[in-house]
Amino acid sequence: MVLMDKNPVELRYKNVGKPRHTKKDVVMFVGFLLLVEGGGALMGILSQPNGVQRPDDDWFDNLVKPWWNPPNWLFGPVWSTLYFMIAVSAFIVYRKIGFHQALPWMVFFVQITLNFAWPLIFFVGHQLLGGFIDIILMLVAIIFNIAVFFPVNQSAGLLLVPYLAWVTFAGYLNFTLWRLNPDANKSHTE
């Protein structure tokens, strides 16, 4: 907004030189990124084949997969992008309401906890049905998360829609893997 000063030739702009984000905002944004991206990366490391939790594990490679199963290389970039969008969404809500309303944050932390639990249930625990149940709960939590973020800031709610779409697809894939591999859980426990 342009404001006229006493001198009509001199123009001054409101808020020129004032930072749009405070240091606290930067710290909180980095915190959300570390929580979401870092948590996702940690779960990926813990659940990868030949990793700490899965030494010499070829269980997933031996599952019967549908023809439309995405290539393994696709999951990393998709999840990194989605985790970034989730972190931005949370930061937008934080900037609007801080931590003064409990419900949006309880829902957010429930859905992200369910998200982080899935690779451990599925890849480490070899539980196809357990993974599917986790995804169903996660879908409900994501829908609820969108519902509580959207009134605070529409962009924050909309940033979670691609996440909902991807988890819906992942849920269908998980269900299909469970149906195609009825003995997968038994082979792990025997």
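**Helix packing and buried residues in a predicted model**

User: Leaving aside neighbours within four places in sequence, which residues is Asp-25 in contact with?

Analyst: Skip the neighbours within four places in sequence, and Asp-25 still has contacts in this predicted model. Asp-25 itself sits in helix H1. Its partners are Arg-20, Phe-91, Tyr-94 and Arg-95.

User: Is Asp-25 buried or exposed?

Analyst: The relative accessible area of Asp-25 comes out at 10%. The cut-off for burial is under 20%. Asp-25 therefore counts as buried.

User: What pattern does the protein chain follow along the sequence?

Analyst: The protein chain has 7 helices and 2 strands. Reading along the sequence, you get β-β-α-α-α-α-α-α-α.

User: Among contacts between residues at least 6 apart in sequence, what percentage join residues at least 24 apart?

Analyst: The protein chain has 190 residues, and 38% of them count as buried. For contacts between residues at least 6 apart in sequence, the share that joins residues at least 24 apart is 75%.

User: How are H1 and H3 oriented to each other, parallel or antiparallel?

Analyst: H1 covers residues 23-47 and H3 covers residues 102-124, and their axes lie 8 Å apart at an angle of about 15 degrees. Angles under 35 degrees go in the parallel class. H1 and H3 are therefore roughly parallel.

User: By class, how many residues in the contact of H1 with H3 are nonpolar, polar and charged?

Analyst: H1 passes H3 in a right-handed crossing. On the H1 side the contact includes Phe-32, Leu-35, Gly-39, Gly-40 and Met-43, while H3 brings residues including Trp-105, Phe-108, Ile-112 and Phe-116. By class that contact has 14 nonpolar, 3 polar and no charged residues.

User: How far apart in space are Ile-45 and Pro-119, C-alpha to C-alpha?

Analyst: Ile-45 is in helix H1, and Ile-45 is partly exposed at 46% relative accessible area. Pro-119 belongs to the H3 side of the contact with H1. These two residues are 74 residues apart in sequence, yet the C-alpha to C-alpha distance is 9.9 Å.

User: What orientation does H3 have to H4, parallel or antiparallel?

Analyst: The axes of H3 and H4 come within 8 Å and cross at roughly 160 degrees. Anything over 145 degrees falls in the antiparallel class. That makes H3 and H4 roughly antiparallel.

User: How do the residues of the contact of H3 with H4 divide into nonpolar, polar and charged?

Analyst: The crossing of H3 past H4 is left-handed. Its contact residues divide into 20 nonpolar, 5 polar and 1 charged.

User: What is phi of His-126, roughly?

Analyst: His-126 is in the loop between H3 and H4, and His-126 counts as buried at 6% relative accessibility. Most residues other than glycine have a negative phi. His-126 has a positive one, near 55 degrees.

User: How are H2 and H6 oriented to each other, oblique or parallel?

Analyst: H2 and H6 pack with their axes 10 Å apart, at an angle of about 140 degrees. The antiparallel class needs an angle over 145 degrees. H2 and H6 are therefore oblique.

User: Which element gives the largest share of the largest nonpolar core?

Analyst: That core has 45 residues, and those touching the most other members are Ile-86, Trp-105, Phe-122, Met-138, Phe-149 and Tyr-163. H1, H2, H3, H4 and H6 each give two or more residues. The largest share, 11 residues, comes from H2.

User: Leaving aside neighbours within four places in sequence, which residues is Met-138 in contact with?

Analyst: Met-138 is among the core residues that touch the most other members. Apart from neighbours within four places in sequence, its contacts are Gln-111, Leu-114, Asn-115, Trp-118, Tyr-163 and Val-167.

Key:
Residues numbered from 1 in each chain as written. Predicted model: local features only at pLDDT ≥ 70, side-chain atom pairs only at ≥ 80, totals over all residues. Heavy atoms only, no water. Axes fitted to C-alpha atoms, helices over the stretch in contact; angles between N-to-C directions. Helix = DSSP H or I, 4+ residues; strand = E, 2+ residues; numbered from the N terminus. Parallel < 35°, antiparallel > 145°, perpendicular 65-115°, else oblique. Left-handed = near helix turned anticlockwise from the far one by under 90°. Contact = heavy atoms within 4.5 Å. Nonpolar A, V, L, I, M, F, W, Y, C, P; charged D, E, K, R; others polar. Core = buried A, V, L, I, M, F, W, Y, C linked by side-chain atoms within 4.5 Å. Buried < 20%, exposed > 50% of the residue type's maximum accessible area, 1.4 Å probe, protein only.
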